[in-house]
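Hi everyone, thanks for letting me take a few minutes today. Please have a look at the model on the screen, and then we'll walk through some of it together.

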Amino acid sequence: MILNDAITAAETLYNSITDNDDYTDIASTLKTKIDAAQAVADNDDADQDTVDEATTALNTALTEVAAIKTVIDEIKNLPGSDEVNPSDSNQKAAINKASEDFDAYKDTKKTDVETMKDAGDTTEANALITAAKDEIDGVSFDPSKTLDENKAVIDDIIKQLTTDLSNQRAADAVSAKINALPPASDVTTNDKVAINEARDAYDDLTAKKYYAAFE
């Protein structure tokens, strides 16, 4: 069965990276895809279309994870800035190759950011995603920094986006509750519960800077 073959190949890669901290994120991503594919393989009622879709999804994830692992390995193997001799053509060639692979890594991360979009997102939430993609696009490989520092720049952008997006969506949910209320001149005792719910939702906001209606 082609799906089982894909699962076996993915598990082989997963087992080779799961105990290495450098691959924690991609190992987690691959494990999620493996589990989803295994669920389909174990489902005797799954039709051929479902099996084919699961196979394609797993093979795509396997290819992407393997590519990212290659980038990580090449970046790890670059010399530190204090080890670089500009006259050493081999080192210069290695840095140039790593820079190209780093650009590919950036493209992958921008794609990951794009998948963070939600159909219900507001203009403000979408703006956060666009800004993060632009910021990632502006990051260049810097051989004067350590290799982990180069990769951490992009990781930090995505980490900050995750926090900001969560806060923005929470604020947007509060806004929706408030917008659903009648105008102040039309408020009655029947609206008390809805008003309290809106205020409680606001009080629960982690980052109130995203919404100031009750300040």
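At what angle do helix 2 and helix 3 pack, and how far apart are their axes? Before I answer, please keep in mind that this is a predicted model. Helix 2 covers residues 24-41 and helix 3 covers residues 48-76, and the two pack at an angle of about 165 degrees, with their axes 9 Å apart. Because angles over 145 degrees count as roughly antiparallel, helix 2 is roughly antiparallel to helix 3. Their crossing is left-handed.

Now let's see who meets whom. From helix 2 we have I26, L30, K33, I34, A37 and V40, and on the helix 3 side their partners include V51, A54, L58, L62, V65 and I72. Sorted by class, the contact of helix 2 with helix 3 holds 13 nonpolar residues, one polar residue and two charged ones.

Helix 3 has another partner to show you. Helix 1, residues 2-17, packs with helix 3 at an angle of about 25 degrees, and here the axes are 9 Å apart. Angles under 35 degrees count as roughly parallel, so helix 1 is roughly parallel to helix 3. The crossing of helix 1 and helix 3 is left-handed.

Which residues of helix 1 meet helix 3? They are I2, L3, A6, I7, A9, A10, L13 and I17, and among the residues they meet in helix 3 are T55, N59, A66 and K69. This contact of helix 1 with helix 3 divides into 14 nonpolar, two polar and one charged residue.

D121 sits in the loop between helix 4, residues 89-114, and helix 5, residues 123-137. Is D121 buried or exposed? Its relative accessible area is 14%, and since the cut-off for buried is under 20%, D121 is buried. If we set aside neighbours within four places in sequence, D121 is in contact with M116, N126, I129 and R169.

My last stop is P143, in the loop between helix 5 and helix 6, where helix 6 spans residues 147-179. P143 has a relative accessibility of 38% and counts as partly exposed, because that class lies between the 20% and 50% cut-offs.

Conventions:
Residues numbered from 1 in each chain as written. Predicted model: local features only at pLDDT ≥ 70, side-chain atom pairs only at ≥ 80, totals over all residues. Heavy atoms only, no water. Helix = DSSP H or I, 4+ residues; strand = E, 2+ residues; numbered from the N terminus. Buried < 20%, exposed > 50% of the residue type's maximum accessible area, 1.4 Å probe, protein only. Contact = heavy atoms within 4.5 Å. Axes fitted to C-alpha atoms, helices over the stretch in contact; angles between N-to-C directions. Parallel < 35°, antiparallel > 145°, perpendicular 65-115°, else oblique. Left-handed = near helix turned anticlockwise from the far one by under 90°. Nonpolar A, V, L, I, M, F, W, Y, C, P; charged D, E, K, R; others polar.
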